[in-house]
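Subject: A structure for you to explore

Hello,

Here is the structure I promised to pass on to you. Please open it beside this email, and then read on for what was found in it.

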Amino acid sequence: MHELSITMSIIDQAVAAAQAEGASTVNALELEVGALSGVMVDSLEFCFDVASRNTLLEGAKLTVHTINGQGKCLECNLETEVDSLPVQCKNCGQYILSIANGKDIKITSITIDE
Amino acid sequence: MCDTCNCATRKQTAYHIPGKSIDLPENDRHHHQSEKDRVIQVELDVLSKNNHIAKHNREYFENNAILALNLVSSPGSGKTTTLEKTIASLGGTPLAVIEGDQQTSRDAERIDATGAPVIQVNTGTGCHLDADMIHKAMHQLDLQQNSILFIENVGNLVCPAMFDLGEAYKVAVISVTEGEDKPQKYPTMFHAADVCLINKIDLLPYVNFGVERCKEYARQVNNDLQFFEISATTGQGMEEWINWLKAKVITPTTPDIT
């Protein structure tokens with residue numbers, strides 16, 4: 001389950017960002033997870049509860065936004081959002097093979113006490 | 001649907017019972033901010049540490065003309081046997097092997113018996129190799145210029161897909177005793193792979209595995225995959241694979257990393 005090692009990276013980076021702001025606790029954490037990143041959001045949430053214990057993020061609210069990939073049909077050039085593979089073009093039925101984005105995992109904000 | 005947490009579009013585990021519709025309770029994880037909160041906008045790439053080390057590994061491989069291959073598959077596809085036969089068939093080409101498994105040094109012992117330099121990485125509970133493990137392991141091997149580094153990843157078609165090790169090519173191994181629909185069941189891996197070895201083809205008369213159907217499923221997620229049909233046991237098809245390796249080690253090139 002790679003979500004655990006990914007969650008631990010997330011927590012390390014969020015702790016470092018919070019400490020840089022002089023915060024002693026993090027109330028909330030916002031993530032963007034690519035739909036094609038290979039990370040399952042509910043596994044990540046499960047790991048987060050466990051891995052955040054005894055860190056600045058213990059009890060923090062986790063918000064996850066899924067980012068779809070941007071697919072383009074190489075046959076008819078139709079552009080479409082891709083949330084899983086394989087995906088067929090709605091226009092011509094070809095499989096969509098050119099896909100950009102939707103693979104990253106990012107921390108987009110942390111919320112600390114004023 | 002909630003504007004704050006985007007819950008309707010989240011990527012979640014899906015549950016299906018054939019012929020039935022099922023209704024599962026949703027997790028309640030809605031975030032409500034308090035007035036005391038201060039939101040800090042950041043843009044932190046969670047895989048940046050791995051990707052940074054992978055880039056460093058890749059530069060090292062390229063500067064030293066080392067063809068690094070990341071072999072991925074489910075357990076039991078025959079990766080280690082394929083490596084043993086590949087090493088024997090490559091003759092004088094200098095090479096080294098990094099073996100990844102959760103436990104034991106059995107695979108490293110098998111490779112060691114071929115005479116090739118090898119190091120075993122035991123990941124413990126970890127389900128994949130990462131770039132830092134490769135960085136540490138490769139500096140324990142006396143890697144030569146114009147050589148091949150085979151990295152046998154932990155047997156797992158899910159997790160290794162997202163960890164770049166700095167390899168030039170990701171090689172997915174599938175055996176005909178597995179389902180031909182594996183590329184559809186594990187699309188992320190086949191999307192990320194550059195080469196696909198279809199192994200154990202000597203067993204095709206005994207199993208219900210359509211090689212062309214398997215390729216078709218794989219091409220639905222990756223039309224650039226290069227296939228080799230082999231049997232590591234009988235040696236069938238190995239020549240083409242060996243020739244491909246020899247051609248690549250003379251002029252190693254890195255495919256586009258997406």
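Which residue's side chain does Asp164(B) meet in a salt bridge? The partner is Arg58(B), with 2.9 Å from N to O. A salt bridge here is a side-chain nitrogen of Lys or Arg within 4 Å of a carboxyl oxygen of Asp or Glu.

Before going further, two notes on how to read everything. This is a predicted model, in which local features need pLDDT of at least 70 and side-chain atom pairs count only at pLDDT 80 or more, while totals for chains, interfaces and linings use all residues. Residues are numbered from 1 along each chain as its sequence is written, chains are lettered from A and ligands numbered from 1 in the order in which they are written, and side-chain values use heavy atoms, with hydrogens and water left out.

Back to that first pair. Buried means under 20% relative accessible area, exposed means over 50%, and partly exposed lies in between (1.4 Å probe, protein chains only).

A second pair in chain B is Glu212(B) with Lys215(B), at 3.7 Å from N to O. Both lie in helix α7 (residues 211-219), three residues apart, which is about one turn of the helix. Glu212(B) is exposed, at 52%, whereas Lys215(B) is buried, at 10%. Together with Glu229(B), they are linked in a network of salt bridges. Over all chains, the whole structure has 12 salt bridges.

Now for the place where the two chains meet. Chain A brings 46 residues to the contact and chain B brings 41 (contact means heavy atoms within 4.5 Å). Between them they bury about 4,000 Å², 53% of it on carbon and sulfur atoms; buried area is the accessible area (1.4 Å probe) that two parts lose on being put together, summed over both.

Two salt bridges run between the chains. In one, Glu43(B) meets Lys106(A) at 3.2 Å, N to O. This pair crosses from strand β1 of chain B to strand β6 of chain A, and Glu43(B) is exposed, at 56%. In another, Glu21(A) meets Arg38(B) at 3.5 Å, N to O.

Those two strands also pair with each other: β6 (residues 105-113) of chain A and β1(B) run antiparallel over seven bridges, where pairing takes at least two bridges found by DSSP. Within this pairing, Thr111(A) stands opposite Val39(B).

Finally, look at some backbone details in chain A. Most residues other than glycine have a negative phi, and most peptide bonds are trans. A cis peptide bond joins Leu85(A) and Pro86(A), with omega about -10°. Pro86(A) sits in the loop between β4 (79-82) and β5 (98-100). Asn54(A) has a positive phi of about 60° and is exposed, at 75%; its place is the loop between α2 (41-51) and β2 (61-67).

Enjoy looking around, and write back with any questions!

Best wishes

Definitions and conventions:
Helices (H or I, at least four residues) and strands (E, at least two) are DSSP runs, numbered from the N terminus.
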